[in-house]
Amino acid sequence: MADPSIETFRLGPFIAPRLWVGLWQLSSNAWGSVSAAKVRQGMGRHVALGYTAFADHYGSAEIIFGQFQESSPLSERIIGATKWCVFKKVYPTPEVVWEAVHERMVRMRTKRVDLLQFHWQDYSDKNYLTALSHLNDLRMQGHIRAIGLCNFDTIHTDEICTQLGPGVIVSNQVQFSLVDTRPLHGMSDVCAKHGLKLLTYGTLCGGFLADKWLGQSEPDPYSGDLTPSQRKYLDMIVKAWGSWDLFQTLLLVLRRIGDKHGGRSISNIATRWVLDHPFVGAVIIGARLGLSEHPDDNQKVSGFHLTDGDRAQIEAILEQSDARRIITTIGDCGAEYR
């Protein structure tokens with residue numbers, strides 16, 4: 001039985017939960033491998049608890065998700081967000097765009113894509129506007145229920161939403177956490193201007209924003225013990241954000257705030273900090289389905305909000321870090337992928 005206390009929000013035609021299950025770990029065995037049957041069982045456990053939205057269907061994840069949704073008695077409640085990522089030069093004719101969308105429909109065993117998230121690598125090639133115009137045609141024809149962006153920066157998100165008009169683009173998937181606060185510098189204003197919601201990833205920094213890392217020494221990125229995500233976020237923590245010692249101070253503050261709110265976890269507090277921003281629709285939580293899942297802990301994200309005092313304690317740590325300057329060293333949202 002789904003928990004009625006799970007928070008939801010409006011995303012285009014959907015009423016969606018504010019915690020989504022991320023499937024990018026299925027793209028590589030580097031996160032560990034498990035059978036497709038166990039993955040589908042993990043999906044079922046999440047849906048039963050009310051976590052009905054799944055994102056980032058790379059490669060085989062599209063196929064596994066499609067098999068799961070097709071066989072689920074709750075299929076009508078399930079939302080599948082997949083992607084069309086254009087990394088090389090292509091002229092997006094209507095035929096090219098349809099082929100990309102149809103391929104996802106076939107792989108996901110669906111007659112229409114719930115949320116098609118679009119990424120375009122080269123901003124100097126303005127054909128991303130052409131591609132999105134054709135995607136909107138497919139949306140109006142009923143092949144796509146909603147269109148979102150993925151890792152678009154502030155300037156180009158504003159441009160796209162202005163050109164396509166109100167309500168066409170419903171979301172932008174970007175990185176946002178206590179370590180990476182770039183969406184606060186412009187993207188939040190664009191969201192308010194166009195009624196856009198962010199679907200955020202990296203909110204737990206690959207699992208570093210968790211109780212298991214409190215009091216731990218800085219890990220060796222070359223030890224082989226870290227996942228690809230952890231190597232990425234460790235580099236961000238110690239080279240762009242601040243230091244491991246300051247990160248430990250942040251974890252301690254989050255632990256104290258969690259104790260104050262009924263023993264909630266560090267991950268709960270870090271996720272709540274992101275969700276409490278009004279331009280955030282949902283946080284995408286990476287789950288190694290069948291290997292490492294935390295649905296019970298994730299349920300504790302709901303039912304409370306941070307106080308002004310909580311936020312002040314967190315802000316005091318962020319002021320000691322380079323969090324506010326990451327946008328000048330890394331670039332705006334999505335810059336690291338270009």
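This is a predicted model: local features need pLDDT of at least 70, side-chain atom pairs count only at pLDDT 80 or more; totals for chains, interfaces and linings use all residues.
How are α7 and α8 oriented to each other, roughly parallel or roughly perpendicular?

Residues are numbered from 1 along each chain as its sequence is written, and side-chain values use heavy atoms, with hydrogens and water left out.

**View 1. Helix α7 packs against helix α8.** Helix α7 covers residues 228-241 and helix α8 covers residues 244-260; helices are DSSP runs of H or I with at least four residues, numbered from the N terminus. Their axes are 9 Å apart and meet at an angle of about 110 degrees. Axes are lines fitted to C-alpha atoms over the stretch in contact, and angles run from 0 to 180 degrees between N-to-C directions. Angles of 65 to 115 degrees count as roughly perpendicular, and α7 and α8 are therefore roughly perpendicular to each other. From α7, L234, I237, V238 and W241 meet W244, L246, F247 and L250 of α8 (contact means heavy atoms within 4.5 Å). The residues of this contact divide into eight nonpolar, no polar and no charged; Val, Leu, Ile, Phe and Trp are among the residues that count as nonpolar, Asp, Glu, Lys and Arg count as charged, and Gly is among the polar ones.

View 2. A disulfide is a pair of cysteine sulfur atoms within 2.5 Å, and the count comes to zero. C150 counts as buried at 2% relative accessibility (buried means under 20% relative accessible area, exposed over 50%, partly exposed in between, with a 1.4 Å probe and protein chains only).

**View 3. E62 sits in helix α2.** This helix spans residues 60-71. With 4% relative accessibility, E62 counts as buried. Its side chain and that of T82 are joined by a polar contact of 2.8 Å (a pair of N or O atoms within 3.5 Å, one able to donate a hydrogen and the other to accept it; residues adjacent in sequence count only if both atoms are side-chain atoms).

**View 4. V47 lies in helix α1.** Helix α1 runs over residues 36-48. V47 is buried, with a relative accessible area of 5%. Leaving aside neighbours within four places in sequence, V47 is in contact with T52, F54, F68, L74 and I78. V47 and L74 are 27 residues apart along the chain, with their C-alpha atoms separated by 8.0 Å.

Notes:
Helices (H or I, at least four residues) and strands (E, at least two) are DSSP runs, numbered from the N terminus. Angles under 35 degrees count as roughly parallel, over 145 as roughly antiparallel, 65 to 115 as roughly perpendicular and the rest as oblique.
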